[in-house]
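User: I have a structure open and would like to talk it through. Could we begin with its pockets and then turn to its charged pairs?

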Amino acid sequence: MAVSLTGSKNPSPVSRAVPVPPSPPWTSMPWRPGCVCCTVMTITEEDVMSAAMYPKVFEEYKEFTGSFGPVDCLSTRLFLDGPKIAEEFQVEIERGKTLHIKALAVGDLNKTGQRGVFFELNGQLRSVLVKDNLAMKEMKFHPKALKSVRGQVGAPMPGKVIEVKVEPGQKVEKGQPLCVLSAMKMETVVNCPLTGVVTVIHVNTGTSLEGDDLILEITAEE
């Protein structure tokens with residue numbers, strides 16, 4: 001495309017045409033629908049170039065900052081190790097806006113792999129649940145019995161398995177005892193809900209269960 005130096009749409013023979021600089025290559029990039037980089041509030045030139053050269057890394061970066069906020073405001077030590085108990089520090093989230101934070105305590109691990117973190121934010125007491133990824137790797141989550149699956153037998157209440165009365169491959173009848181649970185010095189017998197064959201047993205003697213934890217699976221008799 002060429003334009004006239006005089007600004008006329010139909011340049012005269014004496015008008016000198018000059019080429020229009022091409023658009024930057026990233027302006028015609030085939031962005032994927034729903035791409036994170038297309039939905040951010042502000043897109044900088046660095047964002048565009050990063051998405052063009054490293055699309056997967058850039059998308060993961062935007063997802064991370066969307067979940068955890070502008071972590072670039074933290075020092076390297078705070079980001080990698082976290083603050084020590086009773087440590088006070090400041091975080092400047094933007095010019096003229098500084099957060100004053102003091103770490104107070106970290107709670108015990110709960111059943112979902114989270115810990116309560118207590119801190120002061122600008123003098124106000126706050127708390128938040130944080131997932132402990134390291135502890136989650138060591139925790140074992142027992143599967144739950146699905147009520148929609150007929151052959152899955154779940155624990156009727158929390159308790160400890162004190163006896164398993166069947167084995168994999170064994171044929172069982174409806175109403176037959178499968179295992180015995182103990183809770184608060186009381187024993188509960190879990191009976192078979194249908195006639196069939198035991199396919200998988202998910203517990204052993206001594207296993208502690210919560211309500212609806214999967215005990216075993218039975219294939220119904222045809």
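Predicted model: local features only at pLDDT ≥ 70, side-chain atom pairs only at ≥ 80, totals over all residues.

User: How much space lies in the largest pocket, and which residues are closest to its centre?

Analyst: The largest pocket holds about 1,500 Å³ of space. Its lining has 35 residues, and Phe68, Leu74, Leu78, Pro83 and Val130 are the closest to the centre.

User: How many of the lining residues are nonpolar, polar or charged?

Analyst: The lining has 27 nonpolar residues, four polar and four charged.

User: New topic: how many salt bridges are there?

Analyst: There are seven salt bridges in the structure. One of them joins the side chains of Lys144 and Asp213, at 2.8 Å from N to O.

User: Why does that pair tie together separate parts?

Analyst: Lys144 lies in the loop between helix 5 and strand 7, and Asp213 in the loop between strand 13 and strand 14, so the pair ties together parts that are 69 residues apart in sequence.

User: Is Asp213 buried or exposed?

Analyst: Asp213 is buried, because its relative accessible area is 4%, under the cut-off of 20%. Lys144 is partly exposed, at 43%.

User: Which residue does Glu221 pair with?

Analyst: Glu221 forms a salt bridge with Lys171, and their closest N and O atoms are 2.8 Å apart. Glu221 is in the segment after strand 14 and Lys171 is in strand 9, 50 residues apart.

Note on methods: Residues numbered from 1 in each chain as written. Heavy atoms only, no water. 1 Å grid on protein atoms, 1.4 Å probe; cavity = no way out; pocket = protein on both sides within 12 Å on 5 of 7 lines; lining within 4 Å. Points joined across faces, edges and corners; volume = space filled by probe spheres on them. Nonpolar A, V, L, I, M, F, W, Y, C, P; charged D, E, K, R; others polar. Salt bridge = Lys/Arg side-chain N within 4 Å of Asp/Glu carboxyl O. Helix = DSSP H or I, 4+ residues; strand = E, 2+ residues; numbered from the N terminus. Buried < 20%, exposed > 50% of the residue type's maximum accessible area, 1.4 Å probe, protein only.
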